[in-house]
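This briefing covers domains, helices, pockets and selected residues. Please keep the sequence and the model open while reading.

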Amino acid sequence: MRVPNSVVLPVGTHVDCCQEQEVAEKTDDIMARIAAMLAQRKSNLAYFIDNLESSEEPKFYMDQWERLKEMESFTLTILNLVAVNCTDHRDIKKLEATILDHVKNEELFPEVVRVLPPVYRQVEAAIVDIAQSEEMAGHGMMDLQYLLSKLSQHKHLASLGRELLQDILRYLHRIGLVVWYEEIKHLESTVFLQPTFLITMFKLLVRYRLVQQLESIS
């Protein structure tokens, strides 16, 4: 909701725990809840904007007003929910195919036809090699400056600069090859070359009824 022109694909899991009719009913319910949530968001933004505009000193709230107007202009495309049984490999392949079909849709992703400079592909291939090398730690974390020095050891990347690398990392972050939290001060100099490590860590820390599980420990 805070990113311009976002595209969201809802995925419903644990289909194997439901009857066929249940899956259809839950799918309709989830999509209805999402629609209601988006309508509520639009209403809330309009309400806050109106409050600022009708305040006694609206000029004092110009920054807030501009931010709210910016958020109001963001489009959010919600695709049809895909229900999957995670224990069935065929369903995983079906989800994969659905994602690829959507990603190749030029109406949803106009940039899909953009041609990237060769250096983007070269850096991507080099990062994959580094991530898969024996010297890479299991957590896959690497200092940004150290990553630049490693990449610069490649003959065709000897002139690679920090600014260009950051541009390429933003692209690789968007496609999910790496994770780089450049907007978080404490993490801006760290690149996660193996996003699966973060997924595993989040699964351990963020899970259903975690608070109750912790409270049950004497």
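In the classification of lining residues, Ala, Val, Leu, Ile, Met, Phe, Trp, Tyr, Cys and Pro count as nonpolar, Asp, Glu, Lys and Arg as charged, and the others, Gly among them, as polar. On that basis, the lining of the second largest pocket divides into eight nonpolar residues, four polar and one charged. The model is a predicted one, in which local features need pLDDT of at least 70 and side-chain atom pairs count only at pLDDT 80 or more, whereas totals for chains, interfaces and linings use all residues. Residues are numbered from 1 along each chain as its sequence is written, and side-chain values use heavy atoms, with hydrogens and water left out.

**Domains**

- The protein is divided into domain 1 (7-104) and domain 2 (118-202), with bounds that come from an automatic or database domain assignment.
- The centres of domain 1 and domain 2, taken over C-alpha atoms, are separated by 30 Å.

**Pockets**

- A pocket is defined on a 1 Å grid over the protein atoms alone, as an open set of points with protein on both sides within 12 Å along at least five of seven lines, and its lining residues have an atom within 4 Å of a point.
- The largest pocket holds about 1,200 Å³ of space, and of the 19 residues that line this pocket, V7, V103, F109, R174 and I175 lie nearest its centre.
- Strand 1 (6-8) and helix 6 are the elements that give two or more residues to the lining of the largest pocket, and helix 6 gives the most, with three residues.
- Both domain 1 and domain 2 contribute to the lining of the largest pocket, with at least three residues drawn from each, and the lining residues comprise 11 nonpolar, four polar and four charged.
- The second largest pocket holds about 190 Å³ of space and is lined by 13 residues, of which G12, T13, K26, I30 and L81 lie nearest its centre.
- Strand 2 (11-12) and helix 1 (20-53) each supply at least two residues to the lining of the second largest pocket, the largest share, four residues, coming from helix 1.

- Helices (H or I, at least four residues) and strands (E, at least two) are DSSP runs, numbered from the N terminus.
- The 34 residues of helix 1 should span 50 Å at 1.5 Å a residue, and the end C-alpha atoms of helix 1 are 50 Å apart, which agrees; the expected span is 1.5 Å times one less than the number of residues.
- V23, T27, I34, R41, L45, I49 and L52 are buried in helix 1, where buried means under 20% relative accessible area with a 1.4 Å probe and protein chains only.
- The buried residues of helix 1 have a cover that includes helix 2 (62-73), strand 3 (76-78) and strand 4 (82-83).
- I34 counts as buried because its relative accessibility is 17%, and, leaving aside neighbours within four places in sequence, I34 is in contact (heavy atoms within 4.5 Å) with P10 and I78.

- K150 is placed in helix 5 and counts as buried at 13% relative accessibility.
- Not counting residues up to four places away in sequence, K150 touches I130 and E135.

Notes
On a 1 Å grid over the protein atoms alone, a cavity is a set of points where a 1.4 Å probe fits but cannot get out, and a pocket is an open set with protein on both sides within 12 Å along at least five of seven lines; lining residues have an atom within 4 Å of a point. Grid points are joined across faces, edges and corners, and a volume is the space filled by probe spheres set on the points. Buried means under 20% relative accessible area, exposed over 50%, partly exposed in between (1.4 Å probe, protein chains only).
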